[in-house]
Amino acid sequence: MITYLSMTKSIHDWLFSILPEGAANITEMVLIALAYLALFAVAGLYLVLLERKVAAWFQLRLGPNRVGPGGIFQTMADALKLVSKELTSTDRIDKFLYNLAPYFVIVTALLAMTIFPFSKQLQAFDPNIGMFFLLAISSIGVIGILVGGWASNNKYALIGAMRSGLQTISYELSVGLSILTMILLTGSLQLSEIIEVQRTGGWLIWQGHIPAIIAFMVFMIAGTAETNRAPFDLVEAESELGAGFHTEYSGMKFAYFFLAEFINMFIIASIAVVLFFGGWLSPFGITEGITWFPEVFWFFIKVLVIIFLMMWFRWTFPRLRVDQLLTLEWKYLLPINLVNIIFMAILIWLNWTL
Amino acid sequence: MTKDQLIKPKLKTEEYFINMGPQHPATHGVLRLILTIDGEIIKNIEPDLGYIHRSIEKMCERDSYQQIVHLTDRMDYLSSHINNEAVCLTVEKALELEVPERVKVIRTIIAELTRIASHCLWWGVMGMDVGALTTYFYAFRDREMINDIFEETCGARLTMNYNIPGGLMFDIHPNFIKRVKEFITHFKTKIPEYDRLLTGNVIFQKRTKGVGVLSKEDAISFGASGPVARGSGVSCDIRKIHPYSAYTQVNFNEVLFTEGDSLARYKVRIQELWESVAIVEQLVDNIPEGDIKVDTKAVIKLPKGEYYQRVETARGELGVYINSTGTKNPYRVKFRSPGFSNLSVINKIAKGSKIGDLVAIMSTIDIVVPDIDR
């Protein structure tokens, strides 16, 4: 961890020594943005590959294994293909909105990713309203889906978009409330602060015990619904709607939607890791004393475990119907969540947390 | 403002049309459903057929009786052996041929294996239609074993042409009995796996229970047959009520459920897997020795008259009607295909449900489009 600090610090010092302050600031921001874009692309592509490998493992087959050793360049090749494809569109579409929609989705996903503390030093942006910022940003993504579905001039896309609207708006409540339950425990919205709380008292899922576990389960259900993944993939529902809201998109615009889904999955998993599993903290503090140990490792391992869980859902569960989806949220998850918040508040009031 | 205007909301919604198919993942081929939809609720379904019509019945009038058998493969391609058998049985009935016991038993074993293969494919696709993609690969793993057995026996995996009027084209492969037994032992451990993966899943139960209820009266009046009718409690298994080939020699139960919903139709097929396994198990050890065919003339001429034979395919009752004028070609051939009658219930049972339900209902009806269009 010392190494990142000294590395970023020396780059920072060097930039400020050779450039005037304004220019150095801008250059630094651009560099950070580039680093995040690279992370975004790599994470997106390799999550797709991971998904395909996990799917293959669940489905008694091999998965991609031709491009590169073990197929590791498969998604790179796919991305290259998508970049080189012609961007087609259908007749009588709303051109402006049609072209705008993918950017809504991809930019919000990228923005949300900036605030995660990958380790103590690796955090681009740490506002004191971190969790609030995350919720606000992730709600914008749905606009892209709605707009894309509407502008495509395709009834299937429109049905998919409308489903996405009602699904995301409903499940946002549960995501928000389960995060709020944990915020009661941390007393702070700042992500670095949330992790500091866990350094001394143990991971929050341990500190908050029963209500925290309930909150985690609700969060996983609602989070899966937020990312529009199976069993809540009504937005795409390939057996019902063809490809749902992105039916008419091709080439890189389709790839934006596709990558955003995987990045959103990464974001949901990261929130879960920060809120419940101690972020970059090592389990039982086993690498606490080792100064050279990259804490990023723990963060990514935990994120991958949660992502694996979400992939497990996807490849074993059937899809819910649209009314069942809403019933689950409004009749079960929301009341459970509200009771759970009160439960957590009482627990903290009586000082029964661990 | 009148009272009426006050009560009625100012916003109005409109019903709209949507074409489900001819290219759509849930129509399993080139079936076009013209849906009238209000939001997500289906108001009317109008199936539009004919996208894969190949005039098989007309082509039959041109061909000799041996050639007709080959055309029937292309109707319900998932139970091609049973289709072949239906034509052969009709011709044998007309010629009053008594085929050897060996032929009957082999035909029955292969017919039941075909049924298992067909139900396996249906199960995989059913899972896919309700969004559980993994089922497909589990089902294909087991179906592959059956296809390998077929390939070894007659050289083809799907369109088999193993039957000829009067018997079988070749004798079974020496490995046949061994491999069928291997398959049975393997498959008996896999049906419970199917149940664990999909049947017991709470989401799946919610998606299918009480969805697309077909009453017993409707099932009869629409002429539904096979698992669709048996899910509504109509006893219509041709293997039981008009036994043919070796079905008189075996013990098996007709699977009946009375709920009539998608889950009942699903359970009928899963239970039928067990019954088919039982039939194969009883027969595979007792294949009698003997000839594999009765010699017929090179040019078969049926006596003047009308002939009809029914068989139970994986989808229901297949009837073959041959009207002969005594020449080497039939005067008229008519196939009563199960898929056509089963599809006709869709507007009755899926009206008022959601788009997602329609997909599940279509899947439990188990249509094969070339069987509907012929």
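**Close-up 1. Here I322(B) stands opposite V333(B) in β8(B).** This is a predicted model, where local features need pLDDT of at least 70 and side-chain atom pairs count only at pLDDT 80 or more, while totals for chains, interfaces and linings use all residues. Residues are numbered from 1 along each chain as its sequence is written, and chains are lettered from A and ligands numbered from 1 in the order in which they are written. Strands are DSSP runs of E with at least two residues, helices are runs of H or I with at least four, and both are numbered from the N terminus. Strands β7(B) and β8(B) run antiparallel and are joined by five bridges; two strands pair if DSSP finds at least two bridges between them.

**Close-up 2. Three strands of chain B make an open sheet in the order β6-β7-β8, with antiparallel pairing.** At the edges sit β6 (305-312) and β8 (332-336) of chain B, each pairing on one side only. On average, neighbouring strands here are turned by 10 degrees against each other, direction ignored. Helix α4 (residues 80-95) of chain B packs on this sheet and touches β6 and β7 of chain B. The direction of α4 makes about 145 degrees with that of β6(B); such angles run from 0 to 180 degrees between N-to-C directions, and axes are lines fitted to C-alpha atoms, for helices over the stretch in contact.

**Close-up 3. Zoom in on β6(B) and its partner β7 (residues 317-324) of chain B, which pair in the antiparallel sense over eight bridges.** V311(B) stands opposite L318(B) in β7(B), and Q309(B) has V320(B) as its bridge partner. The hairpin of these strands has four residues between them, and G316(B) takes a positive phi near 145 degrees there.

**Close-up 4. Another open sheet of three strands in chain B has the order β1-β2-β3, again with antiparallel pairing.** Its edge strands are β1 and β3 (41-48) of chain B, each pairing on one side only. Neighbouring strands in this sheet are turned by 25 degrees against each other on average, direction ignored. Seven bridges join β2 (residues 32-38) of chain B to β3(B), and I34(B) stands opposite E46(B) in β3(B).

**Close-up 5. Helices α7 (residues 176-199) and α12 (residues 262-284) of chain B have axes that come within 10 Å and cross at roughly 165 degrees.** The crossing is left-handed, meaning that the near helix is turned anticlockwise from the far one by less than a right angle. Among the residues that meet are I184(B) and F187(B) from α7(B), and L273(B) and W274(B) from α12(B).

**Close-up 6. Where chain B touches chain A, the contact takes 27 residues from chain B and 22 residues from chain A.** Two residues are in contact if their C-beta atoms, placed from the backbone, lie within 7 Å. On the chain B side, the elements that each supply at least two residues include β1 (16-20), α5 (101-129) and α6 (134-154).
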